[in-house]
Amino acid sequence: MYATNYHRAFSVADAVRLKGSGDETKYVSGGMTLIPTMKQRLAAPSDLVDLRHVAEMKGITVSGATVRIGAATTHAEVASSAEIKAACPALSHLASLIGDPHVRHMGTVGGSVANNDPAADYPSAMLALGATIVTDRRRIVADDFFTGLFETALHDDEIIVAVEFEAPEKAGYSKFPNPASRYAMTGVFVAKSAGGVRVGVTGAGSDGVFRHSGMEQALAGNFSPDALSGVTTDPADMLSDLHGSAEYRANLVNVMARRAVAAAT
Amino acid sequence: MGVEGIGARVARKEDKRFLTGKGRYTDDMVVPGMKYAAFVRSPHAHAKIKSIDVSAAERMPGVIAVLNGKQMLDDGIGNLICGWMIHSKDGSPMKMGAWRPIAHETVRYVGDAVAVVVADSVGEARDAAEQVVVDYEELPAVTDAATALTAGQPQLHPEAAGNLIYDWAIGTSEAETDAAIAAAAHVTEMTILNNRLAPNPMEPRAALGVYDSAEDHYTCYTTSQNPHVARLVMSAFYNVAPENKLRVIAPDVGGGFGSKIFIYPEEIVCLWASRRAGVPVKWTSDRTEAFLTDAHGRDHRSTVKMAFDKDNRITALKVDTIANFGAYMSLFSSSVPTYLYATLLSGQYAIPAIHANVRAVYTNTTPVDAYRGAGRPEATYLLERTIETAARELGVSPAELRRKNFIRSFPYQTPVIMNYDAGNYEASLEASMKQADWAGFAARKAEAEKRGKKRGIGMSCYIEACGIAPSAAVGSLGAGVGLWESAEVRVNAVGTIEVLTGSHSHGQGHETTFAQLVADRFGVPIDSVSVVHGDTDKVQMGMGTYGSRSGAVGMSAIVKALDKVEAKAKKIAAHLMEADESDIVIENGEAKVAGTDKTVPWFQVALAAYTAHNLPGGMEPGLKEGAFYDPTNFTFPAGCYICEVEIDPETGKTDIIQFVAADDFGNIINPMIVEGQVHGGIAQGIGQALLEGVHYDAQSGQLLTASYMDYAMPRADDLPSFQVSHQNTPCPGNPLGIKGCGEAGAIGSPPALINAITDAIGNNDLSMPATPQKVWAAIHAAH
Ligand SMILES: Cc1cc2nc3c(=O)[nH]c(=O)nc-3n(C[C@H](O)[C@H](O)[C@H](O)COP(=O)(O)OP(=O)(O)OC[C@H]3O[C@@H](n4cnc5c(N)ncnc54)[C@H](O)[C@@H]3O)c2cc1C
């Protein structure tokens with residue numbers, strides 16, 4: 001790791017101000033992605049602004065059907081939250097599948113969403129739930145937020161404060177972990193709401209997380225695994241690497257989607 | 001056996017310090033004035049070094065020295081060597097290319113060291129290492145061994161034309177073997193790949209070199225399985241210092257699996273840099289460096305023909321193997337695919353004709369050497385996949401085919417050097433089939449099918465050679481060292497005992513088992529016995545721990561020393577009790593005159609030896625004896641492993657439903673430790689079969705699996721609860737009847753697993769690791 005300066009922010013305003021303090025300042029939340037990258041000398045921020053002590057960014061609130069999860073909420077908190085388990089058990093399930101207990105107790109929703117790793121779990125849920133990414137200056141719908149591999153609509157100094165979504169009628173998440181990293185080789189989140197069915201797919205797409213419109217249409221009329229039997233996923237749109245060819249991933253998308261629908265509650 | 005003696009499940013004495021974080025590893029060592037090394041490593045798989053500019057690095061904060069390979073050469077530091085001479089079929093010696101600790105002309109794999117920075121802190125050393133500017137002229141690279149042998153490929157070393165290190169053969173003549181195959185009723189032919197593995201001990205390698213200019217003396221703390229061999233090699237071949245001026249200490253070592261047998265550039269560089277820079281120099285590998293530079297294991301490509309007569313008896317076996325050695329010949333690399341591999345190709349079977357040919361090949365990859373099992377897993381995988389396939393082709397049960405071909409009378413001379421001394425293969429086969437409820441498999445398969453799962457069962461009957469090895473025998477086969485072991489037993493004046501052993505414990509639990517041996521002999525508590533190892537200044541010359549040799553060879557040396565101590569103690573006790581020496585028995589912590597109630601406590605015998613007030617006439621004071629034990633043969637642990645799997649056809653994911661291991665390890669000192677060794681070995685074997693595999697980019701030679709993001713290690717939830725049992729036949733070749741258990745798990749398990757998976761999916765064309773993607777593709781190819 002290169003030498004770096006550490007700053008602790010106590011409010012969102014504080015954090016944005018501190019972001020201007022160094023040559024190349026970065027926000028750090030759980031540090032579960034950023035710190036290993038720094039240790040490997042692949043990132044060299046001059047300054048870090050720690051977001052984990054910002055009260056406005058913490059906690060889970062459910063009011064009516066609206067669920068709000070502070071960006072600094074850890075995966076473990078999401079996995080064990082009674083409110084989330086009641087409002088959207090599929091999301092608690094998703095959080096419980098991330099990494100290992102260490103990672104879940106450090107890593108945060110905001111960090112995961114901001115990082116938009118093509119194999120991360122949360123982005124699929126954000127897309128499928130039609131979530132809104134609430135930042136220090138605006139509200140961005142998930143469809144506009146994830147713009148490509150590790151790319152988002154965030155401006156350089158913009159902070160995710162929370163994510164919000166309406167509790168779905170039913171939702172399910174099914175993940176096939178990469179045998180080495182245990183990130184998603186393919187993860188499919190399906191959510192059924194009054195507005196229809198949305199399907200978010202992570203780990204598989206060559207452009208990162210995506211919505212599977214073929215599946216959404218098929219499930220809209222018939223929310224059952226069988227409805228997906230005629231739906232295909234084009235390998236040409238899939239990632240291909242050591243662990244999974246495009247054909248294999250295309251198959252996993254279909255299999256995980258069926259299982260997510262079957263598991264949806 | 002008593003509660004602490006031979007055969008008792010004594011909890012490991014060393015675990016208190018390991019489990020409470022009080023272990024003392026090389027990286028924990030702190031000496032005054034210590035500085036840190038960082039290596040500049042080649043980013044290219046093959047390149048000429050045109051120039052190295054260190055000026056910017058030298059100006060970085062905290063930098064003490066930036067050193068290069070030319071300076072090392074000028075200081076007379078020798079080449080790294082391979083210590084086992086293999087001669088090709090044509091009689092020519094193996095073609096060993098030069099391996100410089102720091103390359104100064106050519107780099108041959110990604111990670112090859114080109115310079116070293118010594119600085120005040122690790123961070124500063126690394127910062128400065130990034131400022132070293134190396135001008136490379138890139139050369140084409142080759143990573144696959146079979147490809148490297150073909151015309152027009154990059155040439156790694158001028159000494160090895162066509163990248164061929166040796167072309168060696170063993171066994172029955174090729175003509176005779178071919179004739180037997182031609183006359184066969186059935187021939188099973190296969191191409192077998194044994195995947196390359198990264199060893200991944202929990203503790204990465206580390207070295208601390210301390211040069212004392214006043215005494216012109218060096219101390220090297222290092223992560224070694226064999227500190228005396230390290231001293232010998234560093235002294236005799238690398239010219240670091242004469243042996244009496246070089247102390248090597250291997251303190252607690254967190255796993256080795258073979259990878260810490262070898263002498264690597266880094267420890268030599270730390271010692272040399274300590275003298276050049278005038279400061280103690282420490283280097284600790286990070287995980288990426290470990291993936292890049294720890295000697296890898298396996299990487300064989302073989303073709304095999306197994307011939308049968310009309311009664312399904314094996315009449316001949318012909319094997320042609322290409323072994324990838326990587327960029328340089330590591331310390332024992334040459335012996336692995338020859339005398340540790342091809343000599344085991346008879347397996348548990350009576351095969352009248354065996355011919356094996358092995359070609360060793362340079363490629364632009366990390367050097368390859370012994371890794372848990374070293375050659376024997378490769379032999380077992382090849383044989384057990386082939387006989388299983390033969391059973392399927394012949395339409396007979398795999399157990400029956402094996403049974404029909406088992407060796408049943410001992411000693412048995414194979415066509416490939418080994419002379420098996422004892423064994424009962426039928427016993428482990430029966431035990432494991434019973435334990436696994438083989439007979440009930442069909443019903444379980446049918447039930448799984450109802451759930452949409454493909455269920456399969458597979459077995460593997462392995463044999464291995466441990467207790468390496470008779471020195472004269474290995475010497476005649478090319479070994480540069482003897483493979484005996486040493487021990488010294490020191491009884492202190494108050495009766496406590498220290499055992500100084502040339503074996504080295506890095507996870508095996510010697511501090512417990514060796515103490516049990518002594519406790520058993522004299523009936524003293526094991527807490528009064530300490531085991532000392534891992535320091536060339538404390539312990540007499542020894543050969544270290546690998547090849548499951550510490551029980552069969554290391555403990556045999558202790559037994560010899562104990563015999564001498566006991567004999568002298570009896571003389572003293574007889575003198576004290578005015579009895580006849582032959583009437584003395586030592587047990588339960590006292591010396592007794594048999595048939596009387598006369599006793600002397602053990603501590604008084606010891607005290608008498610040291611006060612020397614009342615010793616038999618002419619006897620030297622003291623109670624301390626040493627011994628060297630040279631084995632008379634290898635030992636031959638064997639067993640049968642059965643694995644049952646269930647596969648999700650939609651994803652290709654394999655779940656291991658049960659894993660049964662029935663082993664014959666000879667006599668056992670501590671069953672709990674033995675079971676632990678088997679568990680760990682099976683976990684590693686499952687890792688190889690299901691998860692692990694080193695991958696290089698074929699064009700660029702870049703290591704694609706350089707972190708745990710891409711290299712899959714087995715985790716607890718990948719593994720079932722193992723069912724382990726023993727059907728022991730004592731080893732006739734050593735005083736304790738021990739065969740050895742350290743590698744069996746890793747040797748026996750991969751073929752059992754792959755046989756089970758291929759049974760489940762109905763497609764035999766599957767290579768390790770059987771990842772979900774590969775199994776899924778194989779299922780689809782089959783239907
Ligand atoms: C061993 C291991 C296993 C893992 N397994 C999984 C897995 O199975 N599935 C999975 O999805 N993930 C996995 N992860 C990643 C983990 O979930 C991370 O926690 C997550 O990707 C990043 O969250 P973080 O809070 O740690 O972010 P950090 O590492 O602190 O930050 C990541 C990036 O986001 C930016 N950032 C952080 N917070 C904000 C914010 N509020 N606003 C704007 N930008 C912000 C940072 O500047 C940085 O660029 C794993 C990580 C590890 C180490």
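## Stop one: where the chains meet

Select chain A and chain B together: across their interface the rule finds 15 residue pairs in polar contact (both at pLDDT 80 or more), a polar contact being a pair of N or O atoms within 3.5 Å; within protein, one must be able to donate a hydrogen and the other to accept it, and residues adjacent in sequence count only if both atoms are side-chain atoms. Before you go on, note that this is a predicted model, where local features need pLDDT of at least 70, side-chain atom pairs count only at pLDDT 80 or more, and totals for chains, interfaces and linings use all residues. Residues are numbered from 1 along each chain as its sequence is written, chains are lettered from A and ligands numbered from 1 in the order in which they are written, and side-chain values use heavy atoms, with hydrogens and water left out.

Stay on the chain B side and colour helix 4 (122-130) and helix 20 (772-782), which each supply at least two residues of the side that touches chain A. Helices here are DSSP runs (H or I, at least four residues), as strands are (E, at least two), numbered from the N terminus. Helix 4 of chain B gives the largest share of that side, 4 residues. Colour this side of chain B by class and you get 8 nonpolar, 6 polar and 10 charged residues. For that colouring, Ala, Val, Leu, Ile, Met, Phe, Trp, Tyr, Cys and Pro count as nonpolar, Asp, Glu, Lys and Arg as charged, and the others, Gly among them, as polar.

How many salt bridges cross between chain B and chain A? The rule finds 7, a salt bridge being a side-chain nitrogen of Lys or Arg within 4 Å of a carboxyl oxygen of Asp or Glu. For an example, pick B:Glu650 and A:Arg259, whose closest N and O atoms are 2.7 Å apart.

Now show the whole contact (heavy atoms within 4.5 Å): 24 residues come from chain B and 23 residues from chain A. About 1900 Å² is buried between the two chains, and carbon and sulfur atoms give 50% of it. Buried area is the accessible area (1.4 Å probe) that two parts lose on being put together, summed over both.

## Stop two: inside chain A

The contact between them takes 9 residues from domain 1 and 14 residues from domain 2.

Next, select A:Asp156 and A:Lys19, a salt bridge with its closest N and O atoms 3.1 Å apart. On the domain 1 side of the boundary with domain 2, helix 1 (residues 12-19) of chain A gives the most, with 4 residues.

## Stop three: the ligand

Select the ligand and everything near it (a heavy atom within 4 Å). You'll pick up 32 residues, the closest being A:Tyr27, A:Ser29, A:Gly31, A:Thr108 and A:Asp121. Zoom in on A:Tyr27, where a backbone N or O atom lies 2.5 Å from an oxygen atom of the ligand. A:Thr108 brings a polar side-chain atom to 2.6 Å from a ligand oxygen, and for A:His75 that distance is 2.9 Å.
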